[in-house]
Amino acid sequence: MLKPKIYIDGQAGTTGLEIVSRLSTREDLELLLIPEQDRHNDQVRKQYMQQADLVFLCLPDQASIEAAKWIDLDTKVIDASTAHRTDPKWVYGFPELSIEHRQKIAQSKRVANPGCHATGFISIVSPLVQKGVLSSEQIIHCTSLTGYSGGGKKMIDAYENHKTEAMEAPQIYGLDMQHKHLKEMQSICGLKNAPLFSPIVDDYKRGMLTCIQLPLNAKNLYSVYRDFYTNGLVHVHPFGYPANINANGFSHRDDLEIIVTGNEKQALICALFDNLGKGACGAAIQNMNLMLGIKETKGLQF
């Protein structure tokens, strides 16, 4: 049986590099690696896309939009950029939304990989909206803490080679309240209002902790999540938590853990995962496996 051929357009970026590293050890796939000198040669890039059974687009938004136009409609594509996440012609790559959604991903030729902060938010909010616990009109406050690898090569270099004293402390960013993940957060959860969202980057490399607070009975919310997440890479921690939740607690893992704490009147719900795992590369590989009819968890880390 022929091995599926995989091409990664943008293999030198943070996401592209990690996908290349992970897939290079897969004996069930054939990885097509473009020579370094041809990475910006559009004609050569198109040739690699034509050879591939599945293409990963690890590019800036506009570049992904242009590259997607070059790819044959029968070739499977996973876009890691923001460009197509709310495009109705693309399937949003979060299999745990429902059994039906997992089937859509498996049958699709065009899948948009979720954003990292959006992954945490959607994993928390979507079940509550689907089950009628939250109204679609609810305005939700959310904070999300990420390691500096979420900022790509430039930020990684700054933290590892040019760190200032200010960078040793957490930094809130996206101060215009228009973070690029907001559209998918709102759209995928079926919300009528954009969330009030505060992203924070801190002095550690990998890991993400996304949290919301609600004036609801915490144990009741825990039951909703426990019943909702019965398969896939999202699982629910037993109610409560023994100590502090460390944002890097799931670094180098590809699953996501929902943590519910609180009391009868107030609840804190957190999603703990790796921004480069379930928040990016792990999710992309999970979606690739589904699209190629391979075991969903093959090549993933837990």
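This report covers the pockets and the open sheet of a predicted model.

**Pockets**

The largest pocket has a volume of about 990 Å³. Its lining counts 44 residues. Nearest the centre lie Thr15, Ala80, Gly150, Gly152 and Lys180. Six elements are listed as giving two or more residues to this lining: β1 (5–9), α1 (14–23), α5 (116–130), β7 (141–147), α6 (152–161) and α9 (277–291). Helix α6 gives the most, with 4 residues.

The second largest pocket holds about 160 Å³ of space. Its lining includes Pro95, Glu96, Leu97 and Ser98. Phe228, Tyr229, Thr230 and Asn231 also line this pocket, as does Gln130. Helix α4 (residues 99–107) is the top contributor here, giving 3 residues.

**Sheet**

Six strands form an open sheet with parallel pairing. Their order is β2-β1-β3-β4-β6-β5. Strands β2 (30–32) and β5 (91–92) stand at the edges. Each has a single partner strand, so one side of each is left without a neighbour in the sheet.

Strands β4 (residues 76–79) and β6 (residues 110–112) pair in the parallel sense over 3 bridges. Val77 has Arg110 of β6 as its bridge partner. Helix α9 packs on the sheet and touches β1, β3 (54–57), β4 and β6. The direction of α9 makes about 165 degrees with that of β4. Both α9 and β1 also give residues to the lining of the largest pocket.

Methods. Residues numbered from 1 in each chain as written. Predicted model: local features only at pLDDT ≥ 70, side-chain atom pairs only at ≥ 80, totals over all residues. Heavy atoms only, no water. 1 Å grid on protein atoms, 1.4 Å probe; cavity = no way out; pocket = protein on both sides within 12 Å on 5 of 7 lines; lining within 4 Å. Points joined across faces, edges and corners; volume = space filled by probe spheres on them. Pairing = 2+ DSSP bridges. Contact = heavy atoms within 4.5 Å. Axes fitted to C-alpha atoms, helices over the stretch in contact; angles between N-to-C directions.
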